Amino acid sequence: MAAIWNFSAGPAVLPKVVLEQAAAEMMDWQGSGISVMEMSHRGPQFKQILHEALTDFRELLQVPQTHHILFMQGGAIAQNAIVPLNLMQGYERAAFVDSGAWSAKTIKEFARYGHADIVARSVELAYNGVVRQKVNTYVPEIELQRVAKNSAYLHFCANETINGVEFQGLPDLSALGLDDIPLVCDVSSNILSRPENVSAYGVMYGGAQKNIGPAGLTFAIVREDLLCRQALDVCPSAFNYRLVAEQVSMYNTPPTYAIYIAGLVFKWLKAMGGLSVMAELNRRKARLLYQTIDASDLYVNEVRHCDRSLMNVPFILRDEKLNAAFLDQAQQCGLIQLKGHQSVGGMRASLYNAMPYEGVVALVEFMRGFEKEFA
């Protein structure tokens, strides 16, 4: 059977060795006689799985002891509500960076709980009447003077999967004496793709289905002092950060199988050499694809070069009548899930950790061949 290269934006490709181990243990986890799916979440077998997953996650990301790792459910979209439910007691406003589709969803959800101050937004930039940078094709500069000192937090999305825009650094709030305002970040689609300074964040959250494991698991990394904020009275108990932390992510039945797979992914990442190694591999994969696009007369990526995502590479064909043929021929070559998000069209290749370099080589070879055929 020919190789299949899955470029889905999520649920995304998983490491082959992880799937093989999960298949081998499906009916009998380490001699227990039962599947992980059948285990009691209170039993010793799953407690071991959970402990190892939390420990390996902390080690990989170098999460300091000042931060709690919570495994939850509901995805990043639920966190758009869970964050304000936990952090808005005593506050009326929070600051937001609008850098793309997912940021916009976060801001819309937050409006139920307080006033959203938009302190950065990407707009069409024109020079001498010519549009040089389109909406959501670059990381906008934060207007720090617009961040109110009584903000509950400053929120941004580290990587916009739809638009292919990624923050390469952190907002610096110290310049205006705003150090006390926590940074809250949706890191769903670039978590574990590179080392991070976790201590700089108040909350990092995301869905697991990009770089960690299957859909159904959500993580939140929350600084200790923020657990002391009283959650809003309307916050469901299962979404109360403090209660989830006190119960070590088992306030209610956790997504046990998803945590098990995530644990296997963490061990795979450690065996690969950790996040510095993965960061270099991810840069190498993205560089190959972007160079192919930039050297082409058919393919275009509109994101400002310094803000291009290493995880999600959207591109369009100058002749959109070729879209259907491109996708059809790509699938025949084993290159699947390349259709762009319905809101922007075109194509999108997601290059998460589990996508091997060989998969990107196969993609660029196809792209070059397709261009020659239709030049």
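How many aromatic pairs does the count come to? Let me start there. The count comes to 16 aromatic pairs, where rings of Phe, Tyr and Trp (its six-membered ring) pair if their centres lie within 6.5 Å, with planes under 30 degrees apart counting as stacked, over 60 as edge-to-face and the rest as tilted.

Before I go on, a bit of housekeeping. This is a predicted model, so local features need pLDDT of at least 70 and side-chain atom pairs count only at pLDDT 80 or more, while totals for chains, interfaces and linings use all residues. Residues are numbered from 1 along each chain as its sequence is written, and side-chain values use heavy atoms, with hydrogens and water left out.

Okay, back to the rings. Take Phe-156 and Tyr-201: their ring centres are 6.4 Å apart and their planes sit at 25°, so this pair is stacked. The two come from distant parts of the chain, 45 residues apart, with Phe-156 in strand β7 (residues 154-157) and Tyr-201 in the loop between β10 (183-186) and β11 (203-207). When I say helix or strand, I mean DSSP runs numbered from the N terminus: H or I with at least four residues for helices, E with at least two for strands. Phe-156 and Tyr-201 are both buried, and buried here means under 20% relative accessible area, with exposed over 50% and partly exposed in between (1.4 Å probe, protein chains only).

Now compare Phe-366 and Phe-370. Their ring centres are 5.9 Å apart with planes at 40°, so that pair is tilted. Both lie in helix α10, four residues apart, which is about one turn of the helix. Phe-366 is buried and Phe-370 is too. They also belong to a cluster linked by ring pairs, together with Tyr-299, Phe-315, Phe-326 and Phe-374.

Arg-284 lies over the face of Tyr-357, at 3.7 Å from the ring centre; the rule is NZ of Lys or CZ of Arg within 6 Å of the ring centre and within 35 degrees of the ring normal.

On to the cores. A nonpolar core is a set of buried Ala, Val, Leu, Ile, Met, Phe, Trp, Tyr and Cys residues joined through side-chain atoms within 4.5 Å. Which residues touch the most other members of the largest one? Out of its 61 residues, they are Phe-57, Phe-71, Leu-192 and Ile-212. Helix α7 (residues 256-272) gives the most to this core, 11 residues. There's a second, separate core of 30 residues, and Met-347, Ala-349, Phe-366 and Met-367 are among its members.

Let's zoom in on Leu-192. Setting aside neighbours within four places in sequence, its contacts (heavy atoms within 4.5 Å) include Phe-57, Leu-61, Ile-212, Phe-266 and Leu-275.

That last one, Leu-275, is one of the buried residues of helix α8. Helix α8 covers residues 275-294, so to speak of its length: 20 residues, reaching 28 Å from first C-alpha to last, close to the 28 Å expected at 1.5 Å a residue, where the expected span is 1.5 Å times one less than the number of residues. Other buried residues of α8 include Met-278, Asn-282, Lys-285 and Tyr-290. Covering them are, among others, α2 (44-61), α7, β14 (312-317) and α10 (357-374).

Next, helix α9 (residues 323-332), where Asn-323, Phe-326 and Ala-330 are buried. Down the axis of α9 these fall within an arc of 65°, so they line one face of the helix; the arc is that of the directions from the helix axis to the C-beta atoms. The face turned away from the buried side carries Ala-324, Gln-331 and Gln-332, which are exposed. On the buried side, α9 packs against β13, β14, β15 (335-336), β16 and α10. Just after α9 comes Gly-334, with a positive phi of about 85°.

Most residues other than glycine have a negative phi, and most peptide bonds are trans. Yet a cis peptide bond joins Gly-10 and Pro-11, with omega about -5°, and Pro-11 lies in the loop between β1 (5-6) and α1 (16-24). Gln-30 has a positive phi, near 45°, in the loop between α1 and α2. Is Gln-30 buried or exposed? Exposed, with a relative accessible area of 52%. And Gln-337 has a positive phi near 60°, in the loop between β15 and β16.
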